[in-house]
Amino acid sequence: MTDDTLSLVLFSGTDDKLTSAAVLTVGAAAMGRKVNILLQYWALDAFRADRVHKDHGVAPEAGPAGIELVQQHGTEHWSELLRQAKQIGEVAIHACSHSMEMFGIAKDDLDPLVDGVEGVASFFMEVDGPLTFI
Amino acid sequence: MSATIAKTLDMKGFNCPLPIAKTAQAIREIEPGELLQVLATDPGSVPDFKAWCRTTGNQLVEHTETDGVYRFVVRRKG
């Protein structure tokens, strides 16, 4: 079990889903598992260096009561959790080259948490188990 | 406790995944064979510490609960 890589594709860019992904990542890193993350679409947009700490909202199913709940029970910011995960274990975060082009994002526009840009083929080279899509 | 605690980590008031995340970092700051004490209030930390120790090979020497505070003593893998 511990040899399995946790592979995540982050698509959604709302703070609740990014936090969920960051919690899984930091937990897996603490358990000694490698983590392999690909950022696409709205998740990639949230990793722009100048937007990381902006309010990215919550998933549509939250509703007004859900938004309040998430704000009250907020843990550390997802970017901080991911930074800790990188200190604890082997966590690779890559930007999807297609989304980069679509959004007109350059590597230097992204937070230093992002290790580089890659396509799906190189992403799948590191996938050795199930793939989770968030 | 007969053995000496080398380091104490106070995670009271913090929820998953922070107690385990900080423990994974703190265990590196003590020597193999030394003891790390962690205090937490998250009930989920009980199964989490058992799982974390089983997976990482560090030893959960003891865990107790007093007035809602969980105390874990972990011996770093030698």
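**How chain B meets chain A**

In this predicted model, 10 residues of chain B are in contact with 12 residues of chain A, where contact requires that C-beta atoms, placed from the backbone, lie within 7 Å. Helices H1 and H2 of chain B each supply at least two residues of the side that touches chain A. The largest share, 5 residues, comes from H1(B). By class, this side of chain B has 6 nonpolar, 4 polar and no charged residues; Ala, Val, Leu, Ile, Met, Phe, Trp, Tyr, Cys and Pro count as nonpolar, Asp, Glu, Lys and Arg as charged, and the others, Gly among them, as polar. Helices (H or I, at least four residues) and strands (E, at least two) are DSSP runs numbered from the N terminus.

As for conventions, residues are numbered from 1 along each chain as its sequence is written, while chains are lettered from A and ligands numbered from 1 in the order in which they are written. Because the model is predicted, local features need pLDDT of at least 70 and side-chain atom pairs count only at pLDDT 80 or more, whereas totals for chains, interfaces and linings use all residues.

Between the chains, the axes of H1(A) and H1(B) come within 9 Å and cross at roughly 35°. Axes here are lines fitted to C-alpha atoms, for helices over the stretch in contact, with angles running from 0 to 180 degrees between N-to-C directions. This crossing is left-handed, meaning that the near helix is turned anticlockwise from the far one by less than a right angle, with clockwise giving a right-handed crossing. Val26(A), Gly27(A) and Ala30(A) of H1(A) make the contact with Ile20(B), Ala21(B) and Ala24(B) of H1(B). These residues divide into 5 nonpolar, 1 polar and no charged.

Ala21(B) is buried, with 24 other C-beta atoms within 10 Å; a residue is buried if 20 or more other C-beta atoms lie within 10 Å of its own, exposed if 12 or fewer, and partly exposed in between. Leaving aside neighbours within four places in sequence, Ala21(B) is in contact with Val26(A), Ala30(A), Gln84(A) and Ile88(A).

Within chain B, helix H1 (residues 18–26) and helix H2 (residues 45–56) have axes that come within 10 Å and cross at roughly 35°. H1(B) passes H2(B) in a right-handed crossing. Pro19(B), Ile20(B) and Thr23(B) of H1(B) meet Ser45(B), Asp48(B) and Trp52(B) of H2(B), a set comprising 3 nonpolar, 2 polar and 1 charged.

Turning to the sheet, 4 strands of chain B form an open sheet in the order E1-E2-E4-E3, with mixed pairing; two strands pair if DSSP finds at least two bridges between them. Strand E1 (5–11) and strand E3 (59–66) of chain B stand at the edges with a single partner strand each, so one side of each is left without a neighbour in the sheet. Neighbouring strands are turned by 15° against each other on average, direction ignored. Strands E2 (residues 35–40) and E4 (residues 69–75) of chain B run antiparallel and are joined by 6 bridges. Leu36(B) has Val74(B) as its bridge partner in E4(B). H1(B) packs on the sheet, touching E1 and E2 of chain B, and its direction makes about 155° with that of E1(B). H2(B) also packs on the sheet, touching E2, E3 and E4 of chain B, at about 175° to the direction of E3(B).

The peptide bond from Cys16(B) to Pro17(B) is cis, with omega near 10°, and Pro17(B) is found in the loop between E1 and H1 of chain B. Asp67(B), in the loop between E3 and E4 of chain B, has a positive phi near 50° although this residue is not a glycine. Asp67(B) is exposed, with 5 other C-beta atoms within 10 Å.

Methods: Two residues are in contact if their C-beta atoms, placed from the backbone, lie within 7 Å.
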